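Me: I would like to learn how to read a few features of a model, taking each one first as a general idea and then as a case. Could we begin with charged side chains and go on to helices and cores?

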Amino acid sequence: MREVLRLRGTRVLLIGETTSTLGDWALLLALAIWVKTLTNSNSLAGLVLLAMTAPALAAPLYGWIVDRFRRKPFLIAVNLLSALAIASLLLVNGRRDVWIIFVVCVLYGISFSITGGAFAGLIKELVPDDKIGAANGMFSSVRQSMRLVGPLAGAGLFAAFGGHLVAIVDIVSFAVAAAALAAVRVDETRPEHVEQHWLREVSAGVRHLWRTKVIRDTTASVAIGLLALGAVDTIVFAYIDQGLHRPPSFLGVLLTVQGVGAVVGAVVAPRIMQRLGEVAVVAVGILAFGICIGLLIYPSTALALVAMPIAGLANTAAFVSYNTLLQRRTPGPIMGRVSAATDMVIGTAQTLSMAAGAALIAIVNYKIMFAVIAAALLTNGGVLWHRRGVGPLELPGEVGVQPAESGRSVMAGSAANATAPVGAAMAD
């Protein structure tokens with residue numbers, strides 16, 4: 001990580017990313033609280049999250065857009081436009097203005113969806129290939145650290161000064177991120193646009209995901225893992241209530257200790273990858289998460305406080321490794337589309353699992369559900385571990401895609417998703 005920080009571009013980018021992530025986490029919780037305060041409706045407050053995640057359904061289209069521009073100017077423009085969108089929150093003054101908050105949530109969701117691939121591509125341009133894992137770990141540790149303090153800071157500012165100040169803080173954070181990006185020196189070539197049917201261009205990421213065996217197998221395992229884990233985010237409330245006999249607010253304690261483990265996972269992930277390889281680390285992460293869920297079958301606060309930080313460590317290390325795998329195995333010109341394709345696959349699995357968990361918890365005991373989830377994760381992780389041996393780097397040919405420049409490896413987007421708080425909280 002120190003070697004990565006010696007690169008001036010990454011140091012400047014780290015400042016912008018830290019500020020931007022803090023502003024994001026501060027505002028995300030504040031928006032739900034704001035809606036609840038104005039409407040006194042739990043349902044409307046809950047729809048804030050849906051408004052942010054719904055734009056991900058158009059992920060392949062966003063990926064196609066990302067791949068048509070150079071990464072640095074594209075990210076600067078997105079940050080400035082995001083700041084402009086947040087500025088509209090300053091017009092919210094009563095219940096009748098709640099619609100503005102929901103519009104901002106949708107725009108925020110679009111911003112999240114389109115920046116992942118572009119940011120990963122910029123990192124690839126700035127960092128040598130053998131340092132990509134360390135760079136991913138560094139930025140992931142920053143995001144996890146801000147996740148610990150951002151929501152509390154946002155809730156505190158909202159309680160003391162109202163939503164307008166929280167919005168101003170986030171606007172400033174976007175401006176700082178744009179300034180940091182502008183200060184980064186990177187030599188990017190303008191992407192070449194090959195004339196072909198738009199549907200073929202949009203689907204290039206999906207085709208690459210399917211044709212590259214190591215990405216296909218690992219993505220399938222991650223998706224299957226989240227198909228099981230997503231339900232934990234709804235089951236956890238029954239676990240806290242019926243098992244631990246504690247109030248719902250105890251979830252905050254569990255998230256905090258999980259976040260501490262996540263920070264550690266981001267720091268150690270590069271070293272573990274060097275020893276085991278990216279696919280093996282993803283497999284170990286899934287296996288470790290399965291063991292942690294198994295520990296929750298027996299209701300014990302002590303076991304929960306042991307399992308949650310381990311789960312956070314395993315989760316973050318797995319996704320840092322997964323993102324590094326994507327960056328090394330994907331041609332640069334289709335980076336955004338591959339990022340979008342993996343986000344779509346993983347996000348769909350997570351959403352279906354959350355919906356299934358919400359329906360089943362009403363009729364199935366949480367202990368049984370935890371047992372099934374743990375068994376599924378252990379089996380899934382074991383299968384991926386068996387498949388961990390991969391051959392030399394291979395880049396399947398893609399119509400309309402030029403090979404990477406000599407001396408530059410491939411790059412891909414992030415599969416991160418920060419919407420699920422416990423079972424499927426993805427770092428990047």
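Me: With which residue does Asp-217 form a salt bridge, and how far apart are the closest N and O atoms?

Reply: Bear in mind that this is a predicted model. The general idea is that an α-helix has 3.6 residues a turn, so residues three or four places apart point the same way. In this structure Asp-217 forms a salt bridge with Lys-213, with 2.7 Å between the closest N and O atoms, and because the two are four residues apart in helix H11, about one helical turn separates them. Asp-217 counts as buried at 13% relative accessibility, whereas Lys-213, at 47%, is partly exposed.

Me: Which residues are linked with Asp-217 in a network of salt bridges?

Reply: Lys-213, Asp-217 and Arg-387 are linked in such a network. Arg-387 forms a salt bridge with Asp-217, the closest N and O atoms being 3.9 Å apart, which falls within the 4 Å cut-off. This pair links distant parts of the chain, since Asp-217 lies in helix H11 and Arg-387 in the segment after helix H17, 170 residues apart.

Me: How many salt bridges does a search of the whole structure find?

Reply: The search finds three. One of them joins the side chains of Arg-328 and Glu-278 at 3.2 Å, N to O; Arg-328 lies in helix H15 and Glu-278 in helix H14, so the pair ties together parts that are 50 residues apart in sequence. Glu-278 is buried at 14% relative accessibility, while Arg-328 is partly exposed at 27%.

Me: Which residues touch the most other members of the largest nonpolar core?

Reply: In soluble globular proteins, nonpolar side chains tend to be buried together. Here the largest nonpolar core has 52 residues, and Leu-13, Leu-31, Ile-86, Leu-89 and Ile-101 touch the most other members. H6 gives the largest share of this core, 13 residues. Leu-89 has contacts that include Leu-27, Trp-34, Val-104 and His-164. Apart from this core lies another, of 43 residues, among them Val-222 and Phe-370.

Key. Residues are numbered from 1 along each chain as its sequence is written. This is a predicted model: local features need pLDDT of at least 70, side-chain atom pairs count only at pLDDT 80 or more; totals for chains, interfaces and linings use all residues. Side-chain values use heavy atoms; hydrogens and water are left out. A nonpolar core is a set of buried Ala, Val, Leu, Ile, Met, Phe, Trp, Tyr and Cys residues joined through side-chain atoms within 4.5 Å. Buried means under 20% relative accessible area, exposed over 50%, partly exposed in between (1.4 Å probe, protein chains only). Contact means heavy atoms within 4.5 Å.
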